[in-house]
Each structure stands twice: as structure tokens, then as C-alpha cells.
Amino acid sequence: MGRVNPRERRAARHQPPTPGPDAEAAPRPRRRKAPITVEQVIDTALDVVATEGYEALTMRRLAGALDTGPASLYAHVVNKADLDELLIGRLCAELVLPEPDPATWREQIRGVCAQLRDQYLKYPGISRAALAMVPTDLEIVRVSEGMLAILLAGGVAPQAAAWAIDALLLYVAAYCLEMSIARKRSTQDDAAWVLDRGELLRRFTALPAEAFPHTTRHAAELTAGEGHDRFDFTLALMVDGLARH
């Protein structure tokens, strides 16, 4: 029996499971003494990202963590883009989607975005994997479907809702990516001010007022915000704007 090519393998993985009555009797492929599964690949990849950051995740690094050769990974993952989609799909599987409620749709859509934010921030830089992705993973599509249902329930026009989902997911990914970059830079002695509000405030107020009158006058406002205040503000700005569409 010939090997299943990567395209067929990937297409099969993205279809809902439909086991037939003879599934148990189907011939089994040859396996190593310690077989690797797709779930194990995902778990190990997430461990690498959690401890070393997304930039450290390569197929070679992942193979080393699995104690195997890179070539053997391709029996489970088509390529790095396929791995990225599997990772984002795993994170999306953790999201709880509410039953759409026309009365609270704004809170609901912000809540879904906050859940995704928290998943991304567990794994430094992983939101980069979600950028420029055309998803086929069913968990990613499930989240998109749930967000669409919430916006439609809130009376948002279908076209505006479709584009809004793209904009919201892009913002969440960019926000998390920037946070991971800032945290990494803050570990360097010469960049400790990146996350230091006090130091940033001092830098702004020390600017020549004649050249930067607004920046020096409103330095406190420019550096204000704790935790995810700016994230919440931006989401509210985006979601409230949808009410007009």
C-alpha cells in the first residue's frame, strides 16, 4: 500500500471524523517502537514555544524535542504552515463560545477576543502564526462561526460582520505579538524602559516643549493604562463602531 501524500493527509485531517463500521479492521501503517501522534507533535511544539518563544520553533527544533528526525515529522505535519494552523487550532479549541444574545452581543464578542488574547499570551509570539493564515482547521473555523453568529445577532450587517471578524482577529494577534516582543526586549538591560511606564513618562516630559508641545503636555495620557486597559479600549472602540453598520 503506497504512502498517502501530504495533500491527502492534510485534507483528511481537516474533515469531520466519519469512522465506518470496518474502521477497526483497516490495515494499520508501519509504526516506530514509540509512535508519534499529531497530538504529541502539537503538545511538544507548544512546550517549545512556552519555554523558548515562537521564534525558536523550527521543524528541526521540534524533531529534536520529539527525539526523532525532521523527515519523520512529515508523516504527521505537512510543513511549518500546517503546524502553525494546528497550533492555532489547539488554542481555539480552548475558547468557550456563548449562545448569541442580541442584548449583550458587544460584551460577548469582546469576551471571545479576550479569551483568544489570553491563549496567545501563554505562548510568547505564537500569534505570529495566525497572521496571513487562510484557516481550514475546524476549531479555527468554529471560532469564526461563533463570532459571526454573535455579530449577526447584534444586528450587524453580514458584510460588516465578516470584515469586522477579520479586523478583530488581526488586532488581537498584533496586540499579543507586540506584547511578546516588548517583554523580550525588556529583558535586555538597555531596553528595560519598554515596559516601564515611569521611565517612558520621564523620557516624554524631558523632550523640548517648544518642539513637542502636545507630547510633553499630555505625557501622562500617552503613557496611561494598566494591564489590558488599552486592549479593552480598542476593542470597545471597534465593537461600538459596528453598531452603526
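This is a predicted model: local features need pLDDT of at least 70, side-chain atom pairs count only at pLDDT 80 or more; totals for chains, interfaces and linings use all residues.

Trainee: How many helices and strands does the secondary structure of the protein come to?

Mentor: The protein has 12 helices and 0 strands. Read along the sequence, the pattern is therefore a run of α elements, α-α-α-α-α-α-α-α-α-α-α-α.

Trainee: How is the packing of two helices described, for example that of helix 8 and helix 12?

Mentor: One states the angle between the axes and their separation. Helix 8 (residues 158-186) and helix 12 (residues 229-242) pack at about 170 degrees, and their axes are 11 Å apart. Helix 8 is therefore roughly antiparallel to helix 12, because an angle over 145 degrees counts as roughly antiparallel.

Trainee: Which residues of helix 8 and helix 12 meet?

Mentor: Helix 8 contributes Ala160, Ala164, Ala167, Leu168, Tyr171, Val172 and Tyr175. On the side of helix 12 are Arg230, Phe231, Thr234, Leu235, Met238, Val239 and Leu242. The residues of this contact divide into 12 nonpolar, 1 polar and 1 charged.

Trainee: How may the length of a helix be checked, taking helix 6 as the case?

Mentor: One compares an expected span with the distance between the end C-alpha atoms. At 1.5 Å a residue, the 17 residues of helix 6 should span 24 Å, and the end C-alpha atoms are 24 Å apart, which agrees.

Trainee: Which residues of helix 6 are buried, and against which helices do they pack?

Mentor: The buried residues are Trp105, Gln108, Ile109, Val112, Cys113, Ala114, Leu116, Arg117, Gln119 and Tyr120. They pack against helix 5, helix 7, helix 8 and helix 12. Consider glutamine 119: its relative accessible area is 11%, so this residue is buried. Leaving out residues up to four places away in sequence, glutamine 119 touches Leu91, Glu94 and Leu95.

Trainee: Is aspartate 84 buried or exposed, and with which residues is it in contact?

Mentor: Aspartate 84, found in helix 5 (residues 80-93), has a relative accessible area of 10% and is therefore buried. Apart from neighbours within four places in sequence, aspartate 84 is in contact with Tyr54, Ala129 and Met133. Sequence separation and spatial distance may also be read side by side. Aspartate 84 and serine 127 are 43 residues apart along the chain, and their C-alpha atoms are separated by 9.5 Å.

Trainee: What is to be noted about the phi of aspartate 67 and of alanine 132?

Mentor: Most residues other than glycine have a negative phi. Aspartate 67, although not a glycine, has a positive phi of about 60 degrees, and alanine 132, likewise not a glycine, has a positive phi of about 55 degrees.

Trainee: Where are aspartate 67 and alanine 132 found?

Mentor: Aspartate 67 is in the loop between helix 3 (59-65) and helix 4 (70-73), and at 66% relative accessibility it counts as exposed. Alanine 132 is in the loop between helix 6 (105-121) and helix 7 (138-153), and is exposed, with a relative accessible area of 87%.

Terms used:
Residues are numbered from 1 along each chain as its sequence is written. Side-chain values use heavy atoms; hydrogens and water are left out. Axes are lines fitted to C-alpha atoms, for helices over the stretch in contact, and angles run from 0 to 180 degrees between N-to-C directions. Helices (H or I, at least four residues) and strands (E, at least two) are DSSP runs, numbered from the N terminus. Angles under 35 degrees count as roughly parallel, over 145 as roughly antiparallel, 65 to 115 as roughly perpendicular and the rest as oblique. Contact means heavy atoms within 4.5 Å. Ala, Val, Leu, Ile, Met, Phe, Trp, Tyr, Cys and Pro count as nonpolar, Asp, Glu, Lys and Arg as charged, and the others, Gly among them, as polar. Buried means under 20% relative accessible area, exposed over 50%, partly exposed in between (1.4 Å probe, protein chains only). The expected span of a helix is 1.5 Å times one less than its number of residues.
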